[in-house]
Amino acid sequence: MLRIEKVNVSYGSIHALHDISLTVNDGEVVSLIGANGAGKTTTLHTITGLKGATDGVIEYDGKDLRRMDPSHIIRIGMAHVPEGRHVFTQMSVQENLEMGSYIMNDKSQIKKNMDMVYEYFPRLLERKKQLAGTLSGGEQQMLATGRALMSNPRIVLMDEPSMGLSPLLVKEIFHIIKTLHQNGITVLLVEQNAKMALAVSDRAYVLETGRISMSGKASELLANDNIKKAYLGA
C-alpha cells in the first residue's frame with residue numbers, strides 16, 4: 001500500500017532523514033518509534049507532502065506522492081492526524097468534523113461517517129455544539145482523529161496521539177486505534193510511548209537520529225532487550 005524507499009530530507013544544511021525505507025501493507029498497524037527529535041514527524045510530513053524530499057521513492061497504491069499536491073493526497077484515501085491536534089478552535093465540534101469531509105459530495109456518506117465518529121467517540125456527540133477550543137486535550141485528540149476519519153480514508157497517519165494525555169485517555173486513544181485496525185483501516189503510527197504503540201501494532205520501525213536502526217514484528221521488538229532498555233524503561 002505505502003512504500004518509502006531511500007528517502008532523504010534536509011532542512012538547510014541539516015540532514016534530517018537518511019535513506020529512510022519502510023512499507024505499510026493494507027490492513028496493518030505499523031509503528032514508527034523513537035526519541036524526540038529522531039525524525040518521526042518529519043517522516044509523516046514528507047509522506048503527505050508537507051515537507052519535500054531531496055530524493056527517494058514515496059508511493060501509495062503505486063501513485064507517486066512526491067509528484068502530488070498535499071491537497072490531493074487526501075483525495076486518494078490518506079488522512080493525517082497531526083501532532084498537537086490543530087483543531088479549528090473557534091468552530092464547533094460538529095463543524096470541525098464537517099471540515100474533515102470537505103472533499104465529499106455524498107451527503108448520505110457524510111452522515112454515515114459522522115455517525116461512525118460519534119460511535120467511536122461518544123464524548124464528541126455530547127459536545128457537538130461546543131467550541132473545539134474549549135475541549136480538553138484528550139477531547140481535542142478525539143476530534144482530530146474523528147476529523148481525519150470523516151474523509152473515508154483507507155490509511156491514517158497518526159502523529160503522537162498520546163502526547164500530553166492522562167494514562168486513562170491514552171488507553172482510550174489506543175483502544176480506538178485497535179478498533180480502526182479491526183475495521184480494516186490501515187494505520188501508520190508515530191509514537192514516543194513505545195510500549196503502547198508496539199502493543200497495538202503488527203510491525204514497527206525504530207528511528208534514531210534520522211535513520212532506521214531496527215525493524216520487525218512488533219511483538220519481537222517488544223521483547224528485544226535493546227528496545228526495552230532504550231524505550232520501555234527496563
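Helix 3 passes helix 4 in a right-handed crossing, a crossing being right-handed if the near helix is turned clockwise from the far one by less than a right angle, and left-handed if anticlockwise. The contact of helix 3 with helix 4 divides into five nonpolar residues, one polar and one charged; here Ala, Val, Leu, Ile, Met, Phe, Trp, Tyr, Cys and Pro count as nonpolar, Asp, Glu, Lys and Arg as charged, and the others, including Gly, as polar. The structure is a predicted model, in which local features need pLDDT of at least 70 and side-chain atom pairs count only at pLDDT 80 or more, whereas totals for chains, interfaces and linings use all residues. Residues are numbered from 1 along each chain as its sequence is written, and side-chain values use heavy atoms, with hydrogens and water left out.

Helix 3 and helix 4 (residues 107-120) pack with their axes 11 Å apart and at an angle of about 125 degrees, which makes helix 3 oblique to helix 4. Axes are lines fitted to C-alpha atoms, for helices over the stretch in contact, and angles between N-to-C directions run from 0 to 180 degrees. Angles under 35 degrees count as roughly parallel, those over 145 as roughly antiparallel, those of 65 to 115 as roughly perpendicular, and the rest as oblique. Helices (H or I, at least four residues) and strands (E, at least two) are DSSP runs numbered from the N terminus. In this contact (heavy atoms within 4.5 Å), Val93, Gln94, Leu97 and Glu98 of helix 3 meet Met114, Val117 and Tyr118 of helix 4.

For helix 6 (residues 137-149) and helix 7 (residues 167-182), the axes come within 10 Å and cross at roughly 15 degrees. Helix 6 is therefore roughly parallel to helix 7, and the crossing is right-handed. Gly138, Gln141, Met142 and Leu149 of helix 6 meet Leu169, Glu172, Ile173 and Leu180 of helix 7. By class, this contact has five nonpolar, two polar and one charged residues.

Helix 6 also contributes to the largest pocket, as do helix 2 (70-73), strand 6 (78-81) and helix 3 (93-100), each of these elements giving two or more residues to the lining. A pocket is an open set of points on a 1 Å grid over the protein atoms alone, with protein on both sides within 12 Å along at least five of seven lines; a cavity is a set where a 1.4 Å probe fits but cannot get out, and lining residues have an atom within 4 Å of a point. Grid points are joined across faces, edges and corners, and a volume is the space filled by probe spheres set on the points. The largest pocket holds about 520 Å³ of space. Of its 20 lining residues, Ile74, Ala79, His80, Tyr102 and Arg147 lie nearest the centre. Strand 6 supplies the largest share, four residues, and the lining comprises 13 nonpolar, six polar and one charged residues.

One cavity of 30 Å³ or more is counted, and the largest cavity contains about 30 Å³ of space. Its lining consists of Ile4, Val7, Leu17, Ile20, Thr43, Thr46, Ile47 and Ile58, with six nonpolar, two polar and no charged residues. Strand 1 (2-11), strand 2 (14-24) and helix 1 (40-47) each supply at least two of the lining residues, and helix 1 gives the most, with three.

Strand 1 also holds Lys6, a residue other than glycine with a positive phi near 50 degrees.
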